[in-house]
Structures are given as C-alpha cells and as structure tokens.
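Here is a short briefing on one protein chain and its ligand.

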Amino acid sequence: MGNCNNAPDLNVKEIKVPNKCEYNFLYVIGRGGFGRVWRAEHRKTKHQYAIKEMQKCKIVNKKSIGSVMNERYLLSNLRHPFLVNMHTAFQDRESLYLVMDLMTGGDLRFHLCKNRTFNEEQTKFFVICILLALEYLHNSTVIHRDIKPENLVFDKNGYLKLTDLGIARIWKPGNDGDTSGTPGYMAPEVMCRQVHGVAVDYFAVGVIAYECMMGKRPYLGKTRKEIRDQILSKQVTIKANYKPIDWSDEAADFINQMIQRKPVNRLGFYGPEEVFAHPWFKNIKWDDYLTQLKQPPYKINVIQQQSRFQSSSDNFDQKFANLQDPEDEASAKQNAELLKRDSIQEAFNGYTFKSQNSQQTIQDQSNSKPTTSMSQQITPTKKNLLDSDRQIESKSQKKYNLVQTLGFNKKLNFTPDQPLAQREQTKKNFDF
Ligand SMILES: Nc1ncnc2c1ncn2[C@@H]1O[C@H](COP(=O)(O)OP(=O)(O)O)[C@@H](O)[C@H]1O
Ligand SMILES: [Mg+2]
C-alpha cells in the first residue's frame, strides 16, 4: 500500500518515530468514516495489527479534527481486555494511522447480517462482554456514545471487544448540545438534545440485545426523523407472549429495562453496578469472563490465523474494501491545496504516539514540512514518554475542552429488585 516517501528524512538511529514503512499493509478488513482499516504486519516483529487509516482532508471537511484527536487521546489513557487497545499512532501528510489490536472475527453487524438472530446464551455472552468494557469506561468517566454492532468486533476466539472511541467523551456538564451517534442506537435524550450520561450507552446495549433476540431494532425507521418519531410515540416492551419461546423472562426483563426511554427509569442510570445486579446475571462468574476462561458460545470461522493473504476467514465482506467516494477533479485539487496549508497540518500536532512498553519515545511528528525541521519535531530518546503524553494531554484539554478523569470510587450495592423510588434516592454518582 502506498509508498514510504513520508518516512523521516533522518539518519538518526536512536530516534524511532513510528511510520508506515514499519508495516506491510496486507489487505482491508474494515471501512470507517474517514478511510479503511487494514490488516497489517510489523515488518520486524512479524506481529499483526489492525491499522485504521484516516484521510486528513476527509477529517477536515467533516469538521472532525477534535474527534480524531480526542480518540487518540482517550486510547492512550485507556487499556482493558474488552477494549480494542491502541499500540501506536502516527501520521504522514495525507493520513493519520491508528495501530490497534487485530480482531479477525469481524464485527457484530457482519454476523447479525449472516445469522439474523442469536440465541439467548450467545446474546448474553455478547452483552456481558460489552458491559465489562462499559464498566471500565464509565468508571473512568468516559461515555462511549456510539455503541452499535459495527463498533463491536470479535477476536479469533469469539470474544467481543469494543472499538471506535471517535465520539466518546469524558463526561462534562452541559453536554446537551452534543448529538453525535447513530440514530438507530441513539438514546432519546441525545436525540432530543438533552443533558445525558452513562445511561445512553446502556440504551444502546438494550437495542443490540433486542436486535439479537428479534432480528430487528425496537425503534425502526430509515431516517433520523422517522426513528425519532417512533421513539417519541411509544415505549416498546417485549411482552411475555411475544418473546421467542426458548428465551427466559429475565432476559426479556433486562432488555425492557435497558430500552426505557426515560433515562431515570433505565437500568444503568446509576452506573454499572445496578446493571450487573440484574437477575439475568444471577449465576455469572464475572472473573471467568474477565480472564477469558469462559468458552464463547458463538464460534467464529477463523481458519488461516497466520495467513498473510486475504481470506474469507477475516469475516469482512470484501466488496466494501475498495469502495471509493467519488471525488471530482475540483475537489481533489481543493483537498491537495488543503493539505499544503501549515495550519491544517499543525492541527494534527500531538497525534503521534508510541505505547509505554516501547524503548523509544517521541513527542510529535507532524509532517507539515516532510523533509525539513524534523529534528525540531522529534524529541530525543532521553525524553520520557509520560512527559510527552502530559504535554499532549494539556494541549488537548485546552483545545478540545476535555475534563480530567475523576477516578471516583463508587460502591452503590444495588439489589436487583430494589424499588425505583429507593434507587432515585441513592447517591447520584452516575447521574452524569
Ligand atoms: N481492531 C480491529 N480489528 C479488526 N477490524 C476492525 C478493528 N477496528 C475496526 N475494525 C473494522 O473497521 C470498521 C471501521 O472502524 P472504526 O474504528 O469503527 O472506524 P470509524 O471510526 O470510522 O467508524 C469497524 O466497523 C470494524 O468492522
Ligand atoms: Mg465505527
């Protein structure tokens, strides 16, 4: 893929700025809003990763610089077995690259299209995986805000991991102006531009569980307006005689509590603990999931794990791989001009990142002037990574109005059948 013209024009052995020449880009395994996701191999270690490539001109044209910088900032501060973790981030003149854990099982959308529905055991397993990821995020005061099947990817064993922190935010008061998300999974309070908190993610979990059970979403519609009208017109409830015969009452009750339109009535409004305490999870040994000892009930067809070549085992429909957005001559010229502007390139300063277990450290690599002034942009190996991270952090906080993670301690001790009135009086730790 491409060439390596943008490699640092330096002959300094000790400085290792991550760049795309370190990787063989094998083939496309996903498509995102700003470009493709590649299966890639690190040339030296032979380790395989997923690399999300994002075109800078698309990011600028969609006014999403804040979102991509925010995603990279959050990923460098978060790490969990049920998140798709980031290893490295780098950029060249045209694109940003996010090097992540490789998930070869495909996303949940692909499998929903293939299977239409899942059984209760499989759905419960998926929900548990999502809840474990959300518990970690919410306890770090991060709301994901885009929980949907496309952003949930299976590893080769059938464990489901959460990805795409593109519109995730550290919670801050007065977020009623934020309406990002995907309409079919968007909580009513976000659709109606109200202040919202962690409960928006649980609404989406309820929608996904409903979809796995019924083969369709609870609130349907082709446009945002149609879906909004559906949500506003009535509360959907799975009735006892309407659920599939082999599903338990607890499962239906869980889903019903998660798709509550009013956030205060929704399970999860007060945080992850009350969700974990639901009777559907009565005998669940959470540690067996966290340590991934539990055998996943949904088998992923991954045959050629070590293959360097494209195969159907990657669970991605290749017809989407080479889809290109039509770009006329005029806009191609305009985009090329855009990328020449220093102010545009500078907007991505701070994107480059190398994880802590790496020997070398970096501060930033902006390629606004690819062959000059690199030495000013790279901090020598002596510089501590945490230092550079702190700089990026404070810069990001100023630029993108991020709030420090509070890391608060909560122990709410919910019981499953605690009446709503009692719950409402409970300390509102998660009322954000
Ligand atoms: N780490 C990964 N391993 C395998 N496939 C992935 C990985 N991350 C994303 N994908 C696939 O690529 C798609 C786009 O990635 P995503 O991060 O969601 O981009 P966007 O932010 O543009 O939506 C996902 O829907 C998923 O199918
Ligand atoms: Mg996505």
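The protein chain holds 15 helices and 10 strands. Helices (H or I, at least four residues) and strands (E, at least two) are DSSP runs, numbered from the N terminus. This is a predicted model: local features need pLDDT of at least 70, side-chain atom pairs count only at pLDDT 80 or more, and totals for chains, interfaces and linings use all residues. Residues are numbered from 1 along each chain as its sequence is written, while chains are lettered from A and ligands numbered from 1 in the order in which they are written.

**Overall packing**

- Of the 432 residues in the protein chain, 39% are buried. A residue is buried if 20 or more other C-beta atoms lie within 10 Å of its own, exposed if 12 or fewer, and partly exposed in between; C-beta atoms are placed from the backbone.
- Among contacts in the protein chain with a separation of 6 or more, 63% join residues 24 or more positions apart. Two residues are in contact if their C-beta atoms, placed from the backbone, lie within 7 Å.

**The six-stranded sheet**

- An open sheet is built from 6 strands in the order E1-E2-E3-E5-E4-E10, with antiparallel pairing. Its edge strands are E1 and E10 (353–354), and each pairs on one side only. Two strands pair if DSSP finds at least two bridges between them.
- E1 and E2 (residues 36–42) run antiparallel and are joined by 7 bridges. Here Asn24 stands opposite Glu41 in E2.
- E2 and E3 are antiparallel too, over 5 bridges. Trp38 faces Ile51 in E3.
- The hairpin of E2 and E3 has 5 residues between the strands, and in it Lys46 takes a positive phi near 65°.

**Strand E5 inside the sheet**

- E3 and E5 run antiparallel, with 6 bridges between them. Ala50 stands opposite Met100 in E5, and Met54 has Leu96 as its bridge partner.
- E4 (residues 86–91) is joined to E5 by 5 bridges, again antiparallel. Ala89 has Leu98 of E5 as its bridge partner.
- E4 and E5 form a hairpin, with 3 residues between them.
- Helix H2 (residues 65–77) lies across E3, E4, E5 and E10, and runs at about 145° to E4. Axes are lines fitted to C-alpha atoms, for helices over the stretch in contact, and angles run from 0 to 180 degrees between N-to-C directions.

**The shell around ligand 1**

- Ligand 1 is surrounded by 21 residues; the closest are Gly30, Gly32, Ala50, Met103 and Asp164. A residue is near a molecule or strand if its C-beta atom, placed from the backbone, lies within 6 Å of it.
- Strands E1 (23–31) and E3 (48–55) each supply at least two residues of this shell. E1 gives the most, with 3 residues.
- The shell residues divide into 9 nonpolar, 6 polar and 6 charged. Ala, Val, Leu, Ile, Met, Phe, Trp, Tyr, Cys and Pro count as nonpolar, Asp, Glu, Lys and Arg as charged, and the others, Gly among them, as polar.
- Domain 1 (12–104 + 302–354) and domain 2 (108–300 + 370–422) each contribute at least three residues to the shell. These bounds come from an automatic or database domain assignment.

**Loop residues to check**

- Arg145 has a positive phi of about 70°, although it is not a glycine. Arg145 is in the loop between strand E6 (142–143) and strand E7 (152–154). Arg145 counts as buried because it has 25 C-beta neighbours inside 10 Å.
- Arg193 also has a positive phi, about 50°, and is not a glycine. The loop that holds Arg193 runs between helix H5 (188–191) and helix H6 (199–214). Arg193 has 12 C-beta neighbours inside 10 Å, so it counts as exposed.
- Ser140 is in the loop between helix H4 (120–139) and E6. Ser140 has 17 C-beta neighbours inside 10 Å and therefore counts as partly exposed.
- Ser140 and Asn77 are 63 residues apart in sequence, and 9.8 Å apart in space from C-alpha to C-alpha.
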